[in-house]
Amino acid sequence: MENDKEIIAEQNDTSEMKGKYLTFWTDKQLFGVPIADVVQIIGKQEITPVPDSPHYAKGVINLRGDIIPVIDVRLRFGKEEVEYDEHTCIIVTKIDESHIGFIVDSVDEVTTISDNNISPPPKMSKDRTNAYLTGIGKVDNKVVMLLDTSKILNESEIELVNSTMVENIEQN
């Protein structure tokens, strides 16, 4: 994979992006995020750890002068930590006005999933569905867990990651 590979064209036509997802692997599961949420995909690079960060927050990266907090998706989802390899990528997303990078095992592809190939997320209990899943997509013979990037971290976690990590680095 090319380093610093730009994914999204500078366009605001969301109708062209409707139904398009970037799929990626984490712990042998295939996930997808709306392509409209993706700023770019970069190869693994040096991550600067930040003291007092949540366990899933690996640190920050400097991306062309912007300090971006980086979250390990495996750790966020309660999976076992693994050593990063040549397939490990960081998917930089925009959540509200913040950029956050998500470390994934590998990127799969950009694919279109029509609404009729998306099932609602399963209920985890009588009243609760999985907070960050928007649905389960079917592509060929693959099952894709569709994620809402704005819900992988809740509002207080986004604020914690931004304030603890970015402001800590910018002050030094």
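Where does K28 lie? You'll find K28 in the loop between β2 (20–26) and β3 (29–34). Keep in mind that this is a predicted model.

**Positive phi angles**
- Most residues other than glycine have a negative phi.
- K28 isn't a glycine, yet has a positive phi of about 60°.
- K28 is also exposed, with a relative accessible area of 77%.
- R64 is a residue other than glycine too, and its phi is positive, near 50°.
- R64 sits in the loop between β5 (57–63) and β6 (66–72), and counts as exposed at 56% relative accessibility.

**R74 and its partners**
- R74 belongs to helix α2 (residues 73–76) and is buried, at 8% relative accessible area.
- Beyond its neighbours within four places in sequence, R74 touches T26, D27, K79, E80, V82 and D105.
- R74 forms a salt bridge with D105, with the closest N and O atoms 3.0 Å apart.
- D105 is in the loop between β8 (98–104) and β9 (106–112) while R74 is in helix α2, so the pair ties together parts 31 residues apart in sequence.

**Other salt bridges**
- The structure holds seven salt bridges.
- One of them joins the side chains of E81 and K58 (2.6 Å, N to O).
- That pair links distant parts of the chain, 23 residues apart: E81 in the loop between α2 and β7 (89–95), and K58 in strand β5.
- K142 forms a salt bridge with E109, with the closest N and O atoms 3.5 Å apart.
- K142 is in strand β12 (residues 142–147) and E109 in strand β9, 33 residues apart.

Key: Residues numbered from 1 in each chain as written. Predicted model: local features only at pLDDT ≥ 70, side-chain atom pairs only at ≥ 80, totals over all residues. Heavy atoms only, no water. Helix = DSSP H or I, 4+ residues; strand = E, 2+ residues; numbered from the N terminus. Buried < 20%, exposed > 50% of the residue type's maximum accessible area, 1.4 Å probe, protein only. Contact = heavy atoms within 4.5 Å. Salt bridge = Lys/Arg side-chain N within 4 Å of Asp/Glu carboxyl O.
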